[in-house]
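Hi there,

Here is the structure I promised to pass on to you.

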Amino acid sequence: MKALIERLKRPSLALKLCAAFLALVFGVVLIINIYPVALARDLVSANKRSSMLDQASLLSTSLGALETLTENGVYQAMELLDTSASYRIIVTDEKAEVLYDNYPVDSSVGKYAMLSEIYLALNSKVVFYSRYADEAFLSRAAMPVTSGGAVIGAVYLSEYDSEQSSLISGISSTMFRLSILLSLVSLVLILVFSSALTRRISDLVRAVNIVREGDYDYHIDVVGSDEVSALANEFNSMTDRLRETEERRRRFVSDASHELKTPLASIRLLSDSIMQTENMDTATMREFVSDIGAEAERLQRTTEKLLTLTRLDSSVEPQLEPVDLKLAAENTMRLLRPLAQEHRIFLKYDLSEGCVVLANGDDMYQIIFNLVENGIKYNTPDGMVHLHLGVRDGMVRPVVEDSGIGIPESDMPHVFDRFYRVDKARSREHGGSGLGLSIVHDAVVGCGGTIEVMPNEPRGTRFVVLFPRYEGGEGE
Ligand SMILES: Nc1ncnc2c1ncn2[C@@H]1O[C@H](COP(=O)(O)OP(=O)(O)OP(=O)(O)O)[C@@H](O)[C@H]1O
Ligand SMILES: [Mg+2]
């Protein structure tokens with residue numbers, strides 16, 4: 001009982017659908033049962049009005065020719081007229097005394113007619129009145145009889161018709177039976193339809209709950225091709241996306257912990273050695289402490305890169321502004337010159353004017369810095385790195401080429417993956433964490449651009465980036 005009350009307090013979709021449909025069926029049934037019957041009654045009544053008034057008018061005109069009305073005169077005149085047998089006809093003189101009555105039983109001839117219709121007719125009024133009661137039409141009509149402008153009497157017609165009304169009752173009861181049948185059929189249909197619909201929606205709700213609990217492998221069986229099936233399809237593809245994201249996230253967390261674990265382990269080892277070695281000579285001590293410093297620096301760089309990636313990953317829309325790539329490139333090259341000198345690499349660049357893109361200034365710095373830094377790090381002494389910045393087909397096109405060690409063809413598809421390093425040992429040597437190119441990739445895509453990597457001729461690597469050019473920046 002409590003459950004039922006609870007359920008009624010929160011009506012289900014099926015219940016609402018049924019209620020709405022039943023209200024609709026009820027309305028239709030009501031109209032079907034009332035309107036045609038009322039219309040038929042009105043039609044019958046109008047028909048009676050015209051035929052009875054016609055008859056009364058015919059009688060009134062014929063009797064008017066008699067000038068004075070007497071019982072005999074009226075009787076003879078009525079004999080000559082073709083009067084309808086279905087009406088009771090009463091004719092009175094101007095004092096309402098009945099001169100003629102065609103009703104054989106209980107004739108009122110010689111008496112005074114006490115009927116309001118006759119009094120109205122004697123006052124020069126034409127009267128018609130029809131009423132439906134007790135399964136029959138009761139109709140009355142009265143009209144004055146005039147001669148030379150004066151009222152000399154009245155004709156009165158009345159009818160009791162049960163035939164037409166039984167016809168109308170017949171129609172009405174057939175309609176009633178039909179509408180009961182219609183209501184029952186609709187009720188069954190709506191119950192079947194609404195329970196099928198709510199079952200499918202409940203399946204969806206259950207699936208949402210299952211996926212919310214973390215089971216991303218759950219799929220809904222899709223049947224049909226209506227809106228609910230489309231919703232189920234969308235749900236399945238959303239679950240697939242969630243699963244992929246979840247897998248990526250897990251891999252990322254495990255890779256990141258692994259990356260952080262290695263330098264931490266080295267730091268631990270080095271500090272343990274210092275602690276456990278008694279009377280360690282100063283030179284070794286300094287060497288160990290400097291190694292600890294180098295590992296700590298690597299940790300710092302890795303965490304900074306992870307933070308940059310998190311920022312790029314976040315769904316918060318970055319603040320985009322027109323950025324002149326020429327200025328950004330010049331500043332970045334200045335910062336990288338000491339590193340280039342240290343590695344004996346020749347930095348070369350030609351930068352065109354008007355390379356403006358709608359982007360985040362910090363992202364542009366990350367892109368150029370990481371690409372040129374890689375060119376320097378994965379190079380050989382006396383090698384070169386060339387940054388070319390130009391516009392082609394309405395796209396701003398930064399290209400970074402180097403004469404370095406190059407990337408094997410098989411590794412090229414993976415270099416933008418997080419923590420991916422072609423030669424782990426060499427990368428570590430340079431303090432690399434394998435995150436630089438994924439930062440570049442995410443930043444490029446975030447600004448609506450694309451990036452490609454290819455071998456450079458005759459040796460080395462070449463990265464080509466394309467950005468939509470910011471047209472509003474021209475002439476600024
Ligand atoms: N210009 C290049 N020439 C040769 N190999 C490259 C070049 N750029 C990248 N690589 C290879 O791709 C790998 C990934 O580069 P990425 O910049 O992502 O990481 P990293 O340089 O190792 O570390 P980080 O940039 O995070 O300090 C590098 O480890 C290197 O093996
Ligand atoms: Mg790098």
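Strands β1 and β2 run antiparallel and are joined by 3 bridges. In this pairing, valine 91 sits opposite tyrosine 100 of β2. The two strands form a hairpin with 4 residues between them, where alanine 96 adopts a positive phi near 75 degrees. Please keep in mind throughout that this is a predicted model.

On its other pairing, β1 is linked to β5 by 6 bridges, again antiparallel, and aspartate 93 stands opposite glycine 153 in β5. Is β1 enclosed or open to the outside? Since 5 of its 6 residues are buried, β1 is largely enclosed by the rest of the structure.

Zooming out, these strands belong to an open, antiparallel sheet of 5 strands, ordered β2-β1-β5-β4-β3. Its edges are β2 (98–101) and β3 (127–133), each of which pairs on one side only. Neighbouring strands in the sheet are turned against each other by 15 degrees on average, with direction ignored. Two helices go with the sheet. Helix α2 (residues 13–64) packs on the sheet and touches β1 (88–93), β3, β4 and β5, its direction making about 25 degrees with that of β4. Helix α5 (residues 163–212) lies across β3, β4 and β5, and runs at about 145 degrees to β4. As for β4 (residues 136–147) itself, it pairs with β5 (residues 150–161) in the antiparallel sense over 11 bridges; there, proline 144 stands opposite alanine 154 in β5.

Now to the overall layout. The domain assignment gives domain 1 (13–167), domain 2 (219–316) and domain 3 (321–473). The C-alpha centres of domain 1 and domain 2 are 101 Å apart.

Which residues have the most contacts inside the largest nonpolar core? They are Leu325, Met364, Leu371, Val372 and Phe467, in a core of 45 residues. Helix α9 (residues 361–377) gives the most to this core, with 7 residues. At least three residues of the core come from each of domain 2 (219–316) and domain 3 (321–473).

Not counting residues up to four places away in sequence, threonine 302 touches Leu260, Ser433 and Leu435.

Finally, some backbone details for your checks:

- Glutamate 457 and proline 458 are joined by a cis peptide bond, with omega about -5 degrees. Proline 458 is in the loop between β11 (450–455) and β12 (461–468).
- Serine 124, in the loop between α4 (116–122) and β3, has a positive phi near 65 degrees although it is a residue other than glycine.
- Aspartate 393, in the loop between β9 (384–392) and β10 (395–402), likewise has a positive phi, near 50 degrees. Aspartate 393 is exposed, with a relative accessible area of 76%.

Best wishes

How values were computed: Residues are numbered from 1 along each chain as its sequence is written. Chains are lettered from A and ligands numbered from 1 in the order in which they are written. This is a predicted model: local features need pLDDT of at least 70, side-chain atom pairs count only at pLDDT 80 or more; totals for chains, interfaces and linings use all residues. Side-chain values use heavy atoms; hydrogens and water are left out. Two strands pair if DSSP finds at least two bridges between them. Axes are lines fitted to C-alpha atoms, for helices over the stretch in contact, and angles run from 0 to 180 degrees between N-to-C directions. Contact means heavy atoms within 4.5 Å. Domain bounds come from an automatic or database domain assignment. A nonpolar core is a set of buried Ala, Val, Leu, Ile, Met, Phe, Trp, Tyr and Cys residues joined through side-chain atoms within 4.5 Å. Buried means under 20% relative accessible area, exposed over 50%, partly exposed in between (1.4 Å probe, protein chains only).
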